[in-house]
Amino acid sequence: MVMPKSEKAFLRNGEQGIYAHVVGWGMAVPDTVMTNHDMEAIVETSDEWIRTRTGIAERRIASERDSTASLGLRAAQRALDVADVLPTEIDLIIVATSTPENIFPSTASLIQHRLGAVKAGAFDLSAACSGFVYGVEMATQAIRSGSIATAMVIGAETMSRVLDWQDRSTCILFGDGAGAVVLQASNAPGGVLSAVLRSDGSGADMLSIPTVGSEDLSNSYFLASEHRMFKMYMNGGEVFKFAARVVGESILEALEKADLTLDDVSLIVPHQANMRIIQSAARALKLDVSRFVSNLDRYGNTSAASIPIALCEAIEQGRVKENDNLVFVGFGGGLTWAAMVLQWGIPQGLEGYSGSRIKRQRRRAMYTLAHWRTRLLRLSRVINQFANRLLGRDEHPEE
Ligand code: ACO
């Protein structure tokens, strides 16, 4: 919903609190399914080993036509449909990813122009598998400050493109996909209640994808090890121990910040890395594992996309209800970890679920317009340059 200017001003003046609510959600995964049996043809492994050690049975793999931006775009469009929000109403787009299309331009900018979100700022966020929770917290703070009213946070990955397909201890774990949420400002209490964001760079060598810059770092831990340019390296055993510890700790910390306890929590949506990590967190917190969402068996670890994908499926399965307290918890490269508590529910006045047909058609028209707008803008830049050269005009008058 576009908040009227007067209401925005009112919110900024802050007589009542401003809260950030999730009002839309969407996911997209590639069509290609790679099973554990398919994996057996690539590396020395077995379906039995992968299932028992990780809980994964299959994962989705991007085709040549898929990219981090195209998967993120599809998830974002679905989230806009659920929220019944127009792309022109978005103020900020954050894409959490470890597999951006480029160092720059950001994948967020690519999605922004394909959506036709002409009023939005856009940037990528690098916090590995914790990135989605980091992104939602950044958007929440921007909303709560009164600076923006509507944000899109996307977790999108094409992990298959950075895997070392000869390393059986990592390539069997990951998959591709994207998930997105729309957050909106409201005076109604609820939405994101608390968050805990953490990092420990001393563990950088446990999990990495070295890229431009790494080679020049003298004494880099990357050079003396098995880390390869643009390929994922992971010390699985150490990451496992780290993850098993921080998941429980950060959930409790986020709950304490929200003045809640585990008894108040309906559902935990954890990063999907390994079923044994989820089981170990459940044991540590003395919770039944059914309180945790898991879809690892079908998607593997989709890094920053795993929490929003699991959230979308939990909603679809009817596991998320009005006023439920949910916890998101992520961990990964950095090392980073993050937990967040949300009270679920779309406040009256925010338009989620309504899905008006006219607005849906306007969104479709805007996507088509965005497509042609880009082409026209690029063409006009070329024509301008050509005309300047023809007329002998200085293209850089300031220099
Ligand atoms: N198939 C068959 N055997 C295998 C495979 C495989 N795919 N991979 C490893 N093995 C072998 C090993 O070589 C080893 O054999 P050895 O005993 O003869 O040396 C044996 O299985 C046991 O290996 P471990 O590494 O001890 O196996 P473990 O039970 O620890 O499982 C795993 C490995 C699945 C990687 C686990 O450590 C793990 O899940 N770690 C956490 C990963 C994670 O959470 N990552 C999240 C962050 S991701 C991000 O931020 C991008």
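**Exercise 1. Overall content.** What percentage of the 399 residues of the protein count as buried?

*Solution.* The model is a predicted one. Of the 399 residues, 47% count as buried. For the secondary structure, the protein has twelve helices and 13 strands. For the range of its contacts, take those between residues at least 6 apart in sequence: 79% of them join residues at least 24 apart.

**Exercise 2. Classify Met 159.** Determine where Met 159 lies, whether it is buried or exposed, and which residues distant in sequence it touches.

*Solution.* 
Step 1. Locate the residue: Met 159 is in the loop that runs between β6 (150-158) and α7.
Step 2. List contacts, leaving aside neighbours within four places in sequence: Met 159 is in contact with Thr 99, Phe 174, Gly 175, Asp 176, Thr 302 and Ser 303.
Step 3. Check one of these pairs: Met 159 and Thr 302 are 143 residues apart along the chain, and their C-alpha atoms are separated by 7.0 Å.

**Exercise 3. Describe the four-stranded sheet.** Give the strand order, the edges, and the helix that packs on the sheet.

*Solution.* 
Step 1. The order is β8-β13-β12-β11, in an open sheet with mixed pairing.
Step 2. β8 (191-199) and β11 (265-270) are the edge strands, since each of them pairs on one side only.
Step 3. On average, neighbouring strands in this sheet are turned by 15 degrees against each other, with direction ignored.
Step 4. For the pair β12 (residues 325-332) and β13 (residues 336-343), the sense is antiparallel and there are eight bridges.

**Exercise 4. Characterise the ligand shell.** How many residues surround the ligand, and which helices each supply at least two of the shell residues?

*Solution.* 
Step 1. The ligand is surrounded by 24 residues, and the closest are Thr 45, Gly 236, Ala 273, Asn 274 and Gly 332.
Step 2. At least two shell residues come from each of α3 (47-54), α7 (168-171) and α8 (236-257). The largest share, five residues, belongs to α8.
Step 3. By residue class, the shell contains eleven nonpolar, eleven polar and two charged residues.

Conventions:
Residues numbered from 1 in each chain as written. Predicted model: local features only at pLDDT ≥ 70, side-chain atom pairs only at ≥ 80, totals over all residues. Near = placed C-beta within 6 Å. Nonpolar A, V, L, I, M, F, W, Y, C, P; charged D, E, K, R; others polar. Buried ≥ 20, exposed ≤ 12 C-beta atoms within 10 Å, placed from the backbone. Contact = placed C-beta atoms within 7 Å. Pairing = 2+ DSSP bridges. Axes fitted to C-alpha atoms, helices over the stretch in contact; angles between N-to-C directions.
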